[in-house]
Amino acid sequence: MLRMIDSTVPLLVQGYGWLPDLRRRRGGATVVRTRLAGRRAVVLHGPEAVEFFYDERHVVRHGALPTPVLDTLFGRGAVHTLDGDAHRVRKDMFVTLLMADRGVEALLARVRRHWSRAVESWAGHEVVLFEETARVLARAVCDWTGLPVSQAQTLELADDCLAMVDGFATPGPRHWRARGARRRQERSLARVIEEVRGGVVHLDAAARADDSAGNRRALETVAWHRDAGGRLLDSRTAAVELLNIIRPTVAIAWFAVFAAHALHRDPRRRDELRADTGPYARAFAHEVRRFYPFVPFVAGLAPRDAVFHGETIREGTLVVLDVYGHHHDPALWPDPYRFDPHRFLGATTTPGDLIPQGGGDARTGHRCPGEDISMAVLSELATALAGLDLDVPEQDLTIPLDRIPTRPRSGFAIVPAL
């Protein structure tokens with residue numbers, strides 16, 4: 001039997017280029033066998049692979065996520081680690097909060113308000129868009145969830161959320177900062193959860209009137225959520241899930257700075273966004289999520305033997321779905337390395353086409369239930385950036401593909417006009 005070479009080092013060295021390069025060297029195969037961290041792995045590619053991967057008969061999440069990812073990005077006991085009834089019950093909580101129109105609009109209104117205030121404070125000063133956008137998003141989502149935090153605590157939360165995402169996929173100082181950030185925020189939010197349950201923290205009548213989810217804000221919904229067995233989550237797990245609302249919202253800063261990068265590269269896009277803030281803004285947001293590198297791949301475990309494209313995938317195999325390569329496959333996306341929002345205008349996409357936040361059904365499967373929020377916020381921020389009168393100083397705006405997650409090296413410095 002052919003011994004598979006371990007791909008861990010190439011992954012760490014090549015970043016987003018690892019999987020496309022691996023597939024090229026295997027003749028562009030839709031199924032490629034390798035090893036990761038010593039574990040037997042199979043890489044799948046294409047729309048049929050998306051459907052296969054998000055079917056729990058073929059791939060499960062429990063036991064698939066390595067400890068470094070749990071201790072930085074998702075947290076132990078998170079919804080991402082569950083399958084079956086446990087996943088469905090926990091997922092329902094997120095669907096109720098994140099997919100209701102009132103919830104999306106309530107968060108969007110707060111993003112608008114905090115963005116407007118921030119832009120006023122930036123006028124005439126050089127600021128780093130990546131960091132400042134994260135702080136705007138942190139203020140908005142803390143307000144929306146009902147989390148009682150001070151201005152200083154909100155800034156710390158923003159920085160910690162960025163650290164969790166920035167350090168999940170790399171060894172060294174970034175990773176240890178990410179671990180420290182998660183520990184700090186889980187402890188802090190667990191105390192808040194306990195205070196909510198003890199009646200120390202509660203929402204007043206005015207806050208409830210501005211509620212976005214059945215007379216409960218996200219903080220209370222998570223605090224009082226019961227699992228598939230009817231039990232309250234322990235306070236640490238509840239804190240993990242509250243962070244799984246806050247952290248992805250703050251992480252939209254990556255997409256926002258990519259939107260700014262796209263507008264800077266082709267100023268004509270500014271005029272198009274200014275002229276059409278509806279369908280074009282949404283198409284622009286879709287293209288940002290397709291074109292720019294964020295999620296390189298996702299992984300799960302085969303719970304039993306299965307067959308894909310004539311290849312047997314043995315029970316216990318790590319199943320890896322190629323995301324970055326999927327979004328840059330010329331067979332799926334004509335001229336994939338050209339940024340073109342028009343490809344989404346009037347086009348119908350299926351759950352297996354665009355997968356920056358997972359594939360399949362967001363209500364019942366493992367696709368992110370916060371995707372509607374990401375799209376709404378990104379469309380809003382892209383339109384706001386297009387209408388902003390600003391200078392872009394000389395800086396390093398290259399986006400290194402060997403860094404996961406990546407972004408413009410400078411963080412995108414801007415100087416809004418007075």
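Visitor: How do α6 and α7 lie to each other?
Guide: α6 and α7 are oblique to each other, a word kept for angles that are not under 35 degrees (roughly parallel), over 145 (roughly antiparallel) or 65 to 115 (roughly perpendicular). Please keep in mind that this is a predicted model, in which local features need pLDDT of at least 70 and side-chain atom pairs 80 or more, while totals for chains, interfaces and linings use all residues. Residues are numbered from 1 along each chain as its sequence is written, and side-chain values use heavy atoms, without hydrogens and water.

Visitor: At what angle do the axes of α6 and α7 cross?
Guide: The axes of helix α6 (residues 101-122) and α7 cross at roughly 135° and come within 8 Å. Axes are lines fitted to C-alpha atoms, for helices over the stretch in contact, with angles from 0 to 180 degrees between N-to-C directions. Helices (H or I, at least four residues) and strands (E, at least two) are DSSP runs, numbered from the N terminus.

Visitor: Which residues in α6 and α7 meet?
Guide: On the α6 side they include Ala-106, Leu-107, Val-111, Trp-115 and Trp-122, and on the α7 side they include Leu-129, Val-136, Leu-137, Val-141 and Trp-144. Contact here means heavy atoms within 4.5 Å.

Visitor: How does α7 pack with α13, then?
Guide: Helix α7 (residues 129-145) packs with helix α13 (residues 252-265) at an angle of about 135°, and their axes are 9 Å apart. That makes α7 oblique to α13. Leu-129, Phe-130, Thr-133, Ala-134 and Leu-137 in α7 meet a set in α13 that includes Ile-252, Trp-254 and Val-257.

Visitor: Let's switch to aromatics: how many aromatic pairs does the count come to?
Guide: The count comes to 15 aromatic pairs, where rings of Phe, Tyr and Trp (its six-membered ring) pair if their centres lie within 6.5 Å, with planes under 30 degrees apart called stacked, over 60 edge-to-face and the rest tilted. One of them is Trp-254 with Phe-294, a tilted pair with 5.9 Å centre to centre and 45° between the planes.

Visitor: Where do Trp-254 and Phe-294 lie?
Guide: Trp-254 lies in helix α13 and Phe-294 in the loop between α15 (279-291) and β4, so the pair ties together parts that are 40 residues apart in sequence.

Visitor: Now the strands. In what order do the 4 strands of the open sheet come?
Guide: The order is β1-β2-β7-β4, and the pairing is mixed; two strands pair if DSSP finds at least two bridges between them. β1 (31-36) and β4 (297-301) are the edge strands, each pairing on one side only, and neighbouring strands are turned by 30° against each other on average, direction ignored.

Visitor: Which sense do β2 and β7 pair in, parallel or antiparallel?
Guide: Strand β2 (residues 39-44) and strand β7 (residues 318-322) pair in the parallel sense over 4 bridges. Leu-44 stands opposite Leu-321 in β7, and Val-43 stands opposite Val-320 in β7. β1 and β2, in turn, pair in the antiparallel sense over 6 bridges, with Arg-40 in β2 as the bridge partner of Arg-35.

Visitor: How many residues sit between the strands in the hairpin of β1 and β2?
Guide: The hairpin has 2 residues between the strands, and Ala-37 takes a positive phi near 50° there.

Visitor: What is the order of the open sheet of 3 strands?
Guide: That sheet runs β3-β9-β8, with antiparallel pairing, and its edge strands are β3 (127-128) and β8 (390-391). β8 pairs with strand β9 (residues 413-416) in the antiparallel sense over 2 bridges, and Leu-390 has Pro-416 in β9 as its bridge partner.
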